[in-house]
Each structure stands twice: as C-alpha cells, then as structure tokens.
Amino acid sequence: MALPATEPHNQLERGAKGAEVEALQALLNRVGALLSTDGDFGGGTEGAVREAQMLAGLPVNGVADAATWEWLENQPEPSDVIPTEAVTFIVREEVGGRKFYDQHVAMPHFPGEASGVTIGVGYDLRFQEPQDFEADWAGILTPAQMDALRPHLGKKGSAAAVAALSDMRIPFHAAWKVFVKRALPRGIDQTESCYGDLASLPPLCRGALVSLVYNRGTKLSGDSRSEMKAIRDHIAAGELDKVAAEFESMKRLWPGSEGLRKRRDKEAAMWREGLA
C-alpha cells in the first residue's frame, strides 16, 4: 500500500484525507501503529506520526514531513511471510488497539477461560516453554520482572495472580518487539506444522491461518478442533473456497464470547479477500 520510494510525498498533517494518507497509515503500521488505513488523518494518525518521529529521533510535531516519510519507508515489514495488514490485525485482536493496550493490557492480565497470566501481545505464560520465555524477554524485562513472572509459566491464570503483578507495566513497543522478533515467527512455524508450507497460499490467507493458530494453538484432534482439522484437509485437497466457512463454523464454540466470534468472522473475511 506504500507509495514508491522514488515518488516525492506531500507534507501531511491532521485533517488531510485521501490515498496518500492511506499510504502513510500503512507505513506507520510497519512500526506498530495499529491504524485502520482509512485515508483520514485524524488524532490517531497524528499520534502515530509523533510516536514514529520519537522512535526515529526526529523533531516530534505530528506532521508527516519529508524526513518522516523517508524514515518510515526505510523500515522493514514486520514479517516476510504475512503482510503488514495481517500483522496489524492479529495484534489489534490480541490487545484491543493502542489506547486499550496502554490502559488495560500493559500490565499482566488474565483473559479468562483456559488462559494463563498473559503479557504483551497475547503472550500467554501458560503455554510458553521456559526456554522460550527466557530468550524472548531477556533484556526487555528487568531481572525482578522475570523473577515475578517465572512462577506463572505453565499454570492457569487467575484474578489473584494478576493482582499480585499489578505494579508491572510493559510498554507497547517492548511488547511489539517481542511479538515481531520472537512470538510471530514461532507462531508462523506452528501454523506451518498444522497446515504445511504457507508460501503456496495468498498472503492474506496466510495471515488468517496464523491469526487462528496464534489464538487457538496447534491441536487438531477432538470435536472442538474439528473445523481446524477440516481446514487442513481442504487446503491439502486444494479446496481453498471451503476454508472460510470453517472459520465461521467455529463460532459455535464460544456462545458467550462475542469477541472470539467476531474474530473468526474477520478471519473468514480475510481469507475470502485473500482468494479474491
């Protein structure tokens, strides 16, 4: 969605609208802005520009000037397997958006049901191997924070557990770094362990599958996993047009969770968009 690097860009500020704003928003999402690419330069986009300028060491004024454009265009995509649009989707689904992250998710939390204590971008300590936890967060968290979190590895979470950790805060860009550098590549590997090499699928279809596995894990056996197994079989048979309906069928599993039902609908829509 980004414009060619050789094309000069207009200076943009709050109130601007159009395709060039949409391109700017897509570039900002490379560094974790989590914006909707709607072409409307509002307060969220201005805040994302300010944050990008701070990360870049540029004057922080919220105006997308030539130096800001240049820095953003030199930033790598967060994944070389799934598109930035899909990375943004997964993170937004996991943390509820940047404002919600800062207000509610920056501290260890308990999403409920089978989850453990969760930190960062959907990083559920119940389902993390100790060696991965150490490698993922060393140098990001302080030694005292690591000590406080280790006892929760492999254990179901609770309100009492997160209450004891309520003083801890993980800044979003620390969480983004761990997600992009560590958790997402591992999630892609886990997705390929279920569904085979993703390279043969359209990029947005890859993103829908990675979102599903990041949220639900790799288990394919049992009634609650029948749709996930069916997706594997459809892909193996080349019946890609049947996959989206399996995402939607999974909604039966969460009659009381509107958020998970909506996520499956969005993944189904992403799959169909990928095929189109």
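Predicted model: local features only at pLDDT ≥ 70, side-chain atom pairs only at ≥ 80, totals over all residues.

Me: What does Phe-247 touch, once residues up to four places away in sequence are not counted?

Reply: Phe-247 touches Ala-208, Leu-209, Leu-212 and Ile-231, and also Arg-264, Glu-267, Ala-268 and Trp-271.

Me: Why is Met-250 called buried?

Reply: Buried means under 20% relative accessible area, and Met-250 has a relative accessible area of 0%, so Met-250 is buried. The residue lies in the loop between α12 (243-249) and α13 (258-275). Leaving aside neighbours within four places in sequence, Met-250 is in contact with Leu-212, Arg-216, Glu-227, Met-228, Ile-231 and Arg-264. Trp-71, by contrast, is 179 residues from Met-250 in sequence and 42 Å from it in space, C-alpha to C-alpha.

Me: How do you know whether Glu-94 counts as buried or exposed?

Reply: The cut-off for buried is under 20%, and Glu-94 has 19% relative accessibility, so Glu-94 counts as buried. Glu-94 is found in helix α4 (residues 84-95), and, with neighbours within four places in sequence left aside, it is in contact with Val-121, Gly-122, Tyr-214, Asn-215 and Arg-263.

Me: What makes Ser-115 count as buried?

Reply: The same test is applied, with buried meaning under 20%, and because Ser-115 has 15% relative accessibility it counts as buried. Its place is in the loop between α5 (98-105) and β1 (118-119). Not counting residues up to four places away in sequence, Ser-115 touches Phe-110, Asp-124, Arg-126, Lys-156 and Gly-157.

Me: Why are Glu-129 and Gln-131 put into the classes they have?

Reply: Exposed means over 50%, buried means under 20%, and partly exposed is in between. Glu-129, at 45% relative accessibility, therefore counts as partly exposed, whereas Gln-131, with a relative accessible area of 53%, is exposed. Glu-129 lies in the loop between β2 (123-124) and α6, while Gln-131 is found in helix α6 itself. As for distances between C-alpha atoms, Glu-129 and Phe-179 are 50 residues apart in sequence and 15 Å apart in space, and Gln-131 and His-9, 122 residues apart along the chain, are separated by 45 Å.

Me: Why is α6 called oblique to α9?

Reply: Helix α6 (residues 130-137) and helix α9 (residues 172-195) pack at an angle of about 140°, with their axes 10 Å apart. Roughly antiparallel needs an angle over 145 degrees and roughly perpendicular covers 65 to 115, so α6 is oblique to α9. The crossing of these two helices, α6 and α9, is right-handed. Asp-132, Ala-135, Asp-136 and Trp-137 in α6 meet Ala-175, Val-178, Arg-182 and Arg-186 in α9. By class, that contact of α6 with α9 has four nonpolar, no polar and four charged residues.

Me: What makes α5 and α9 roughly perpendicular to each other?

Reply: α5 and α9 pack at an angle of about 105°, with their axes 11 Å apart. Angles of 65 to 115 degrees count as roughly perpendicular, and α5 and α9 are therefore roughly perpendicular to each other. Arg-98, Tyr-101 and Asp-102 of α5 make the contact with Phe-172, His-173 and Ala-175 of α9. The residues of this contact divide into three nonpolar, one polar and two charged.

Me: What is the phi of Leu-34, and why is Leu-34 called buried?

Reply: Phi of Leu-34 is near 60°, a positive value in a residue other than glycine. Most residues other than glycine have a negative phi. Leu-34 sits in the loop between α1 (19-29) and α2 (43-56), and since buried means under 20%, its 8% relative accessibility is why Leu-34 counts as buried.

Notes. Residues numbered from 1 in each chain as written. Heavy atoms only, no water. Axes fitted to C-alpha atoms, helices over the stretch in contact; angles between N-to-C directions. Helix = DSSP H or I, 4+ residues; strand = E, 2+ residues; numbered from the N terminus. Parallel < 35°, antiparallel > 145°, perpendicular 65-115°, else oblique. Left-handed = near helix turned anticlockwise from the far one by under 90°. Contact = heavy atoms within 4.5 Å. Nonpolar A, V, L, I, M, F, W, Y, C, P; charged D, E, K, R; others polar. Buried < 20%, exposed > 50% of the residue type's maximum accessible area, 1.4 Å probe, protein only.
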